[in-house]
Amino acid sequence: MSSPIFNEFLAKVISKVKSKEAHKMIEKELHHHLLELSQSFQNREDSREKAEEKAVQEMGNPYSIGERLNKLHKPRMDWMLIIMFTIIGAISFLPLIGNAPGSIFLEKQAIWFSLGTIVLISFLFFDYRKLKNWWLFFYSSGVLLLLYILVFGVSAAGVKRWVSFGGITVDAATISMLLFFLAWSGIFTKSDMFHGWKQGLMFGLFWIPFLLFMILPSFPYSIFYFFCVLMMLTFSHISKKSKVIMITAKLTTCLLFILPILIKFRGFLLSEKLFSFLSPEEYVNGPGYMYILIKEFLADAGWLGNGLNGNSAIQSLPDAHTDFAFPYLVHSLGWAFGIFLCILLILFIWKISRNASKTKDSYGRLLVVGGATLIAVPAIWNILMGLGFAPIIGVSLPFISYGGTTLLFYSAVLGIILSVYRRKDIVEPSEI
């Protein structure tokens, strides 16, 4: 039951707190303390009215309390992460300088980077908690989008990932990845979804997008989706028993059913990619050629490189502004720059991952864990691929490889992560 004297006290405190998003949490916490004090005084045989007056007096000056709480509960900005995003964004222009696509791509990249910055800022100031209960909409939209791609999608290099509207082509598979990321971060906050028969439902919901990505075929997105959901499951607050059952069931299904299906229908393609990675010389007239070409460029890089307009040989490297941006930059600017870029990306991913432990909200924590996975897995794979230590499967380097939709996708993910950090001192601790 609300008390007029409590309400007056709380209103005075709240008048000094600028962040409106923190008001509800502060009111709840202070009201709880006031009730405890009031009950304590009533136990000493004070009347209820007298006990409430004493409780307010015990709390102290409401304006002073409000000023102190205003300093504690205000939105935060992760400036270090924003500075890193700006530096990495500036590096994304380098693969386009003196490279085959020409100056038009520099202008396009400037437009995409500007749009990506707008998307990032939009999500940064958006309250991420409003997305929590929309998981069914996100999941259904993601599945429908993948089905649309399968029927009406545009193919390129044997992969069907794009849809075209009025002359504008969009990477719809990337958009669906964002939808599944948001869907599963919401699902894992519903602990009641992982009991009894619903565990089977969750198991089925997990594999549908995975199989649709494989049918496109988009092997990289299947891998990103698998690790993203698995990491969010690992860091979720559902019971350990449910986690063990779900993870064991997923890995067992992958080994017993998914891999045999892949080998049966995509066996030649997969074996060619795998064997050309292990023995590129035997596939020199096929996919093994790229491994040999990249090895030659890296061997010729030196510590300071050949310059962005160093020689015409690098022009023979296909997709130097997209999938092979890393070996292009190493060849052009040297191993010193390559090491600097690796360290910068490691620090960037580490900084993102640290934010997961700074929020008290389990939903926010899942968003940070899933987002960090979506950035870390392709970044690590792309660099290993560029060095010849991982099979070439068409993975772009986040924020650096050219690609409008993917840049907007990563900007949205980073914006959501920054939104979680911004509200880390405002949101209430969650129990699940």
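Axes are lines fitted to C-alpha atoms, for helices over the stretch in contact, and angles run from 0 to 180 degrees between N-to-C directions. Helices (H or I, at least four residues) and strands (E, at least two) are DSSP runs, numbered from the N terminus. The structure is a predicted model, in which local features need pLDDT of at least 70 and side-chain atom pairs count only at pLDDT 80 or more, whereas totals for chains, interfaces and linings use all residues. Residues are numbered from 1 along each chain as its sequence is written, and side-chain values use heavy atoms, with hydrogens and water left out.

**View 1. Helices α13 and α14 cross at roughly 160°.** The axes of the two helices come within 11 Å. α13 and α14 are therefore roughly antiparallel to each other; angles over 145 degrees count as roughly antiparallel, those under 35 as roughly parallel, 65 to 115 as roughly perpendicular and the rest as oblique. The crossing of α13 past α14 is left-handed, a term used if the near helix is turned anticlockwise from the far one by less than a right angle, with right-handed used if clockwise. From α13, the residues F326, P327, W335, C342, L345, F348, I349, I352 and S353 take part in the contact, and from α14 the residues V368, A372, I375, A376, A379, N382, I383, G386 and L387. Contact means heavy atoms within 4.5 Å. Sorted by class, the residues of this contact are 15 nonpolar, 3 polar and no charged. Ala, Val, Leu, Ile, Met, Phe, Trp, Tyr, Cys and Pro count as nonpolar, Asp, Glu, Lys and Arg as charged, and the others, Gly among them, as polar.

**View 2. Helix α1 packs with helix α2 at an angle of about 140°.** Helix α1 covers residues 4-14 and helix α2 residues 20-42, and their axes are 10 Å apart. The angle makes α1 oblique to α2. The crossing of α1 past α2 is right-handed. On the α1 side, F6, F9, L10, V13 and I14 take part, and they meet H23, I26, E27, L30, H31, L34, L35 and S38 in α2. The residues of this contact comprise 9 nonpolar, 3 polar and 1 charged.

**View 3. Helix α2 also packs with helix α3, at an angle of about 125°.** Helix α3 consists of residues 48-59, and the axes of α2 and α3 lie 8 Å apart. This angle makes α2 oblique to α3. α2 passes α3 in a crossing that is right-handed. The α2 residues L30, H33, L34, L37, S38, F41 and Q42 meet R48, A51, E52, K54, A55, V56, E58 and M59 in α3. By class, the contact of α2 with α3 has 8 nonpolar, 3 polar and 4 charged residues.

**View 4. M385 is a residue of helix α14.** The helix spans residues 362-387. M385 counts as buried, with a relative accessibility of 0%; buried means under 20% relative accessible area, exposed over 50% and partly exposed in between (1.4 Å probe, protein chains only). Residues up to four places away in sequence aside, M385 touches D323, F324, A390, P391, I392, I393, G394 and V395. Between M385 and V284 there are 101 residues in sequence and 17 Å in space, C-alpha to C-alpha.

**View 5. A356 is placed in the loop between α13 (325-354) and α14.** A356 counts as buried at 11% relative accessibility. Leaving out residues up to four places away in sequence, A356 touches R365, V368 and V369. A356 and V368 are 12 residues apart in sequence, and their C-alpha atoms are 5.4 Å apart in space.

**View 6. T189 lies in the loop between α8 (172-187) and α9 (198-215).** The relative accessibility of T189 is 5%, so this residue counts as buried. A polar atom of the T189 side chain lies 2.5 Å from the backbone oxygen of G186.

**View 7. D319 and F399 are loop residues with positive phi values.** D319 is located in the loop between α12 (288-299) and α13, and its phi is near 55°, a positive value in a residue other than glycine. With a relative accessible area of 39%, D319 is partly exposed. F399 is located in the loop between α14 and α15 (404-422), and the phi of F399 is near 70°, likewise a positive value in a residue other than glycine. F399 counts as buried, at 4% relative accessibility.

Notes
Polar contact = N/O pair within 3.5 Å; in protein donor to acceptor, adjacent residues only side chain to side chain.
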